[in-house]
Structure formats: structure tokens, C-alpha cells
Amino acid sequence: MTRRTGQITPFQAVAGLVVVVALAAATAGALDLLLRRAEQQAPLGAPAQEEADEACPEPVRSPGDAPVVVAADELIECPNTYDGALVSYKGEAVRAVLRRGARAWVHLNDDPYALGLGPLHEHRTAVGGNSGIPVSVPVQIADGVTFVGDARHRGDILAVTGIFRRADPADGGGPTIQAQTARITQPGRPVGRPTDRARALTAAALSMTALTAALVARRRVR
Amino acid sequence: MGLSCAPRAEPPRWRANDALRPAVPATSTPTVQRVLVRPDRRDLGLIGLYTGRILTGLGLVMLIPAALGLARAEFNDAFGLVIGASLSLLLGRLAEWRLATTRDLTWSHAMATVALAWLVATYIAAIPLYMSGHYASFLDATFDAMSGFATAGLAVINDLDHVSDSINLWRHLTQFLGGQGLVLVALSLFGGAGGLAGLYAGEGREDRILPNIRRTAQFIWRVALLYWLFGTAMLWAALVHAGLPSLDGLLHATMLFMAAFDTGGFAPTSASLGFYHSAVVEAATSILMVAGALSFALHYQLMRGRGWRELLHNIETRTLAVTTVGLFAVTAVGLARFGTYDSVEALIRRGFFHLLSAHTGTGFGTIPGRMFVTDWGALAPAMIVIAMALGGMAGSTAGGVKALRVGIVAKAVTADIHRIVLPQDAVLLQTYHSNGRREILRGAIVRTAVLITLLYFLLYFGGALLGLFYGYPLQEALFESTSAAAAVGLSVGVVGPNLETGLKVFYIFQMWIGRLEFISVFALFGYLYATVRGRL
């Protein structure tokens with residue numbers, strides 16, 4: 001059997017595939033290097049696996065009891081346990097404060113990015129996604145919130161005590177805490193992100209190369 | 001190339017999509033053999049050229065969030081986006097330089113191009129995501145990029161609430177690009193010499209709205225632009241009414257529009273739509289979700305003033321109406337059985353909204369996903385799974401089996417029952433209404449609908465089996481698998497930064513093959529196989 005012009009042998013096909021995969025892996029590796037160099041930290045490790053689910057405790061509903069200190073994960077995992085209970089909860093105000101008349105909605109995250117380590121890009125330790133719960137607070141408290149968490153800020157930390165509702169009628173059936181008392185325990189702050197020069201240079205070099213390639217391709221096609 | 005039957009004497013040069021043609025009965029050609037022709041450099045070059053054109057389109061779009069990043073002083077993320085855009089443009093232009101040809105795409109080239117372009121585009125789109133520092137590995141960034149393109153909305157990002165606006169916009173733009181169709185973007189920008197029908201169909205679009213594919217692409221963009229203006233304005237007003245500042249409201253409205261109309265499901269905050277505590281916002285997104293789940297062919301009919309007649313007679317709108325009402329009725333029973341909600345408002349804003357979100361393939365949530373497991377009992381989440389599995393209309397941005405196939409299978413079953421009841425000599429002609437005309441329900445159409453439905457269910461169960469292997473309960477494993485394969489995005493908490501690597505890889509595969517509706521991915525596999533095993 002004779003080979004026609006332009007025919008590909010199986011060896012060439014497999015070798016080509018290997019080269020493409022190797023190039024893709026090398027590009028990803030180079031990006032990783034660039035990222036690590038910028039942050040001067042170890043790469044993000046895989047987050048620890050969550051512990052096995054535990055059974056929910058008995059419902060907490062006695063009106064005279066002291067507030068139960070809770071985390072958002074507990075409220076979501078065991079909504080019936082805490083439904084109607086007086087709870088104490090703490091978290092970082094994120095994204096925005098939504099004012100509604102005499103009250104305002106504040107979404108409070110209580111994950112390690114909020115209460116422990118701070119925003120991810122400050123420490124580069126992956127601990128999973130965000131977890132939080134919406135809290136309705138008096139508008140006077142909301143007015144005191146200076147920073148909400150976003151890319152440029154670490155938000156104020158609020159400690160609230162209030163009634164948890166699994167399906168709050170005031171929110172059309174969503175899980176909420178209606179705060180009776182709330183205070184800012186730790187003010188937020190702007191988060192600095194110094195410009196990474198190596199990344200800027202890489203971007204400039206690649207964009208110039210792409211522009212050159214575009215011009216050459218245009219001339220060739222003409 | 002491809003797998004087919006040919007006479008021994010003169011083996012013709014088959015193409016990959018020939019595998020889709022009806023097999024020749026063995027009795028009519030007794031001396032046949034399977035011929036698999038190996039593709040040559042010109043075949044691969046053509047696929048590379050069109051993949052490059054799609055990458056060029058992708059690179060240009062990536063400059064939009066890069067500009068936002070520079071304007072908002074998010075320089076590191078802006079540089080990451082510029083790096084991604086430059087690589088994309090570089091590959092695209094290199095392909096144009098080295099592989100330019102006047103040859104037309106054949107159907108099989110086009111199918112393989114679509115499947116390959118989606119993979120390469122996902123890889124490129126993951127670059128700025130990974131460089132944002134919010135992903136534990138490049139695989140995680142790839143997962144979110146594919147989730148965006150496939151309009152799934154599942155996410156494994158860490159600390160979303162501290163992500164920059166430019167990266168958030170890029171996440172949502174991937175949904176807009178994937179929903180409208182990556183190839184459609186490239187078609188609109190660069191066009192092509194021929195074979196455009198294959199590229200168009202390769203992205204799971206079945207309806208030819210206008211006789212010319214390029215005019216069809218332009219029409220789809222016009223519809224998207226119209227909804228973008230209307231939808232963003234509506235959402236902006238709703239979000240400002242909900243309490244967001246004007247500028248943030250505009251940004252959130254733009255992102256939510258892309259996620260709603262393209263049935264994506266990403267949201268700017270980790271609490272999804274639950275963040276806004278607003279029935280008005282939920283109503284506005286519901287309108288856009290439904291609009292996104294309607295086929296562009298139906299939008300065409302609506303714009304031509306045939307709206308009500310078409311809505312009443314179209315097999316897909318009828319099917320969607322029946323399944324939505326039926327599934328919601330059972331969901332309501334399931335929620336009532338567990339006493340989850342005690343008001344009609346809560347039932348609508350939580351129960352119906354999530355059913356609509358699932359059925360349209362969007363994936364927005366107004367409660368934390370874990371509460372499907374901890375607060376909804378067993379029956380209501382099962383209805384959510386069924387709604388996700390069925391999906392929206394064919395030729396829309398929704399995933400899943402699609403209402404057209406569900407309707408056709410239902411009609412075929414009804415016809416078979418009728419045949420049993422009718423006299424033996426009676427001739428039964430079953431028809432259905434689609435795209436403004438009445439069609440005869442032929443055996444080949446039913447067979448294709450059943451085949452694709454079967455493939456989807458195999459995909460759902462395959463992912464569920466892997467979930468079981470990793471130790472998740474059946475309910476959760478099936479929920480997540482269906483959500484990925486039908487490109488929905490609702491989650492009961494399995495998908496997240498802690499997701500096992502094996503499941504990440506399989507869900508990426510599910511989102512890819514589910515969004516492209518199998519055929520183009522099969523064509524790409526056929527090409528790979530033929531390259532190694534085909535004859536010269």
C-alpha cells in the first residue's frame with residue numbers, strides 16, 4: 001500500500017496527541033509558577049474533606065433559654081433543630097447591605113475566609129466555599145457597617161443574637177436570622193493587592209506576540 | 001472516515017457522520033465490509049483552522065472583562081485575562097496563518113470541530129480563572145470553565161464572595177458564550193466558506209430558523225441583544241429596588257441576565273438569588289429563565305406575530321406546560337407532607353421557583369442547596385431531579401432530554417396504545433406541531449428521540465454510579481449527576497471545592513457531552529479512532 005501525500009501514520013497521530021497534551025500541561029505548569037511566584041506562597045492544597053455528617057440534636061425551642069451559639073453549617077444541616085430558637089451567630093458582612101425600611105438584610109459569612117484566615121488571596125489556603133446565613137438587622141446597625149467583603153475589602157464582622165427561622169415568612173420562606181441585638185465586633189478594612197510585575201510583563205509580551213501574529217496572518221491570507 | 005458499510009469492490013471514502021445513517025440491510029448487500037478511512041493532514045488542518053477561528057472569537061470576548069478589570073483597578077486579574085486572551089488570539093491567528101484553505105467543511109469536519117473547539121476553549125477560558133488564585137488546581141478552573149460554557153452553573157471556586165468583578169464577569173460571560181453557542185459567536189464574527197450547517201448543528205441546535213445559517217446566527221444574536229437590553233434594564237431596576245447601589249446593581253444585573261437568559265445559573269454571590277431577598281428579582285429572573293428555555297425558532301414565530309397560536313399548538317410548549325404543572329403538583333404534595341412551608345408565598349418563591357430553575361436548566365437557588373436534603377423530604381427533590389433531566393426546549397440554551405423528544409416519545413406511546421384499541425385494518429397517522437408547521441410522526445423521528453433520551457439517561461445513571469462509588473447516598477449522587485449532565489447547576493452540596501478528582505473529571509465530561517448532545521463528541525472520538533486505526 002502506498003502512502004498518499006499528507007497521510008498521517010498512527011505513530012504520528014499518537015505522537016501529535018502526546019505533544020498537544022504535553023504543551024497543555026506545560027502551559028498550566030508555567031501559569032502555576034507565575035501564580036506561585038506572585039503570591040510567594042505554596043500552591044493551594046486540596047481542601048480537607050468534611051467530616052462525616054452527625055445526627056442532628058433535639059430541637060432547641062425553650063423561649064427562656066440562653067441563645068445557642070451556632071454556625072451557618074449547623075443551621076443548614078439541622079434546620080428543624082434550630083427553627084424558632086434564639087441563636088447567637090457571628091460572621092463577615094459580604095457584598096452589600098440591602099436596606100428595607102426599618103430593617104436591612106446583611107449576609108453574614110462565617111467560613112474561615114470571614115472569621116479566621118481572611119480573604120483567600122491574602123493567605124492562599126483553600127478551605128472550601130463560602131458558608132453564611134442572611135440576617136435581618138435594625139437599619140441603625142446596618143448604617144454602622146463601613147465595609148462589606150468583596151475583592152477589595154474584608155467586611156465588618158457582626159455578632160448577632162436573634163431568632164432563626166428555617167422558612168421565614170418575612171423572607172418568603174427562606175432561612176434567616178431575625179436579629180434582636182447586633183454589634184460590630186471587628187471593623188473591616190481595605191485589602192491591598194500589589195500589582196504583580198511578572199504577570200504584567202507576561203501579559204504585555206504575549207499580547208504583543210498575538211498582535212504580531214494577527215498582522216502576519218492577515219498579510220499571508222491576503 | 002468513520003464506521004460504515006461499503007461494497008468490497010469500491011470502498012468509498014466515508015465520513016464520520018455516516019455512522020448516523022441507517023445501516024444497509026445485510027440481506028441487500030451480502031458482501032460488505034466495514035471501511036474506516038484514516039483522515040489526512042488536510043482533514044485535521046481544516047478542523048484546526050475552524051477551531052482557531054473559534055478561539056479568535058473567544059480571545060476577543062475575553063478582552064471585555066480585562067477592560068473592566070483595568071477600569072476597576074483589578075490589575076492582576078486583568079493581566080490574567082489579557083494572558084488568556086493573547087494565547088487564544090495567538091492560537092487562532094497561527095491557525096489562520098498556517099492552515100488557511102479554500103476547502104469547505106464537510107458535516108463530519110464540522111461536528112469534530114465543535115467538540116474539539118469546546119475542549120480547547122475550556123482550557124483557554126480556565127487560564128484567567130486559575131490565575132485569579134481562587135482555584136486549588138487547574139482542573140478546578142477547567143471544571144468551572146466547562147460549567148460556564150455548558151451553562152451548567154456548578155462551581156468549585158473557593159471564596160466566591162471575595163472574587164473580583166472582572167473574574168466574576170468572565171465567569172458569567174462563559175455562560176453567555178456557551179448558551180448562545182461558541183460556534184455561533186465565531187460564525188457571526190468570521191463566517192466561513194461552507195459547512196456552517198454542521199457547525200450549527202454540532203452545538204445541539206436542530207432548528208433552522210431561516211434558510212441561511214448565517215442569517216439564522218444573526219437572528220439569534222438579535223434576539224439575545226433585545227433580551228439583553230430588556231432583561232438587564234428590568235433586573236437593574238429590580239436590584240436597585242432590592243437595595244443594591246446603582247453601579248453594583250448594573251453589574252449584578254448584567255451578570256444575572258447572562259446566567260438567566262442563557263440558563264446558566266452562576267451568580268455573583270455565594271448565596272445565589274437568595275442574596276437579594278426580593279420577590280421582584282425572582283420574578284424578573286423567572287421571566288428570563290423561561291425566555292431562555294424557549295427555542296429561538298419559537299422566538300422567531302413570536303416576533304412574526306404568530307405567538308399565541310404557536311404557543312398553544314407547539315408540541316414543546318404543550319409538553320413543558322404539562323410537565324411543569326404535573327411536577328409542581330407533586331412537589332407541592334411532597335413539601336406539604338414534610339410541612340416544609342406553611343404559606344402560598346413560600347411555596348411559590350421556594351418550591352415553584354426551584355422547579356422552574358431546574359426545568360429551564362438554569363440552576364439559580366433561593367435556599368442553600370443542602371436544604372433540599374435536610375428540609376425538603378424525599379419526594380420534592382425527586383421532582384427537581386426529574387425536572388432537571390427533562391430540560392427545556394430543543395434549540396434553546398437549556399440542557400437535558402428536551403421537551404421536543406419528551407413530547408415525541410409521549411405521542412408515540414399514545415399512538416401505540418391507540419393502535420391496540422383501533423380495528424386491525426385502521427391506519428393511524430400521528431402528527432405534531434413544531435416551528436410553525438405540522439409534521440408527521442415518522443418512525444425514524446421517534447427512533448432518534450428515543451435513542452437520545454436513552455443516552456441522556458445512561459449519562460445520568462453513569463454519573464450517579466460514580467457518585468455511589470465515592471460513597472454518596474443515591475439521592476445525592478443522582479441529583480448531582482443529573483444536574484451536571486443536563487447542564488442545570490443546582491447542587492445538594494456534593495459539588496464544591498472538596499469534590500473528588502474522579503467526579504470532577506466525569507462531571508466535566510458529562511457537561512461537555514450533555515451540552516453538545518452526544519453526536520459531535522462521537523464524531524470527534526470517531527476521528528481519533530480513525531486516525532490510529534483507519535486505512536490509508
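This is a predicted model: local features need pLDDT of at least 70, side-chain atom pairs count only at pLDDT 80 or more; totals for chains, interfaces and linings use all residues.

With its 536 residues, the rule puts a compact globule near 24 Å, and chain B comes out at 23 Å, so the two agree. Along the principal axes, the C-alpha atoms of chain B fill a box of roughly 75 × 65 × 50 Å. Chain B has 21 helices and four strands, and buried residues account for 62% of its 536 residues. If you take the contacts in chain B between residues at least 6 apart in sequence, 75% of them join residues at least 24 apart.

Now, where the chains meet. On the chain B side, 68 residues are in contact with 72 residues of chain A. Several helices of chain B each supply at least two residues there, among them helix 1, helix 3 and helix 21. Which one gives the most? That's helix 2 of chain B, with 14 residues. By type, the chain B side splits into 32 nonpolar, 20 polar and 16 charged.

Let's zoom in on helix 17 of chain B, residues 403–421. Its 19 residues reach 27 Å from first C-alpha to last, close to the 27 Å expected at 1.5 Å a residue. Buried residues in this helix include B:A403, B:L404 and B:R405. And what do the buried residues of helix 17 pack against? Helix 13, helix 16, strand 3 and helix 18 of chain B.

Buried or exposed? B:K402 is buried, because it has 31 other C-beta atoms within 10 Å, and the cut-off for buried is 20 or more.

B:A487 also has a positive phi without being glycine, near 55 degrees. You'll find B:A487 in the loop between helix 19 and helix 20 of chain B, and it's buried, with 34 other C-beta atoms within 10 Å.

Last stop, chain A. A:A55 is in the loop between helix 1 and strand 1 of chain A. A:A55 is exposed, since it has 6 other C-beta atoms within 10 Å and exposed means 12 or fewer.

That's my tour, over to you.

Technical notes: Residues are numbered from 1 along each chain as its sequence is written. Chains are lettered from A and ligands numbered from 1 in the order in which they are written. Two residues are in contact if their C-beta atoms, placed from the backbone, lie within 7 Å. Ala, Val, Leu, Ile, Met, Phe, Trp, Tyr, Cys and Pro count as nonpolar, Asp, Glu, Lys and Arg as charged, and the others, Gly among them, as polar. The expected span of a helix is 1.5 Å times one less than its number of residues. The radius of gyration is taken over C-alpha atoms; the globule rule is 2.2 Å times the number of residues to the power 0.38.
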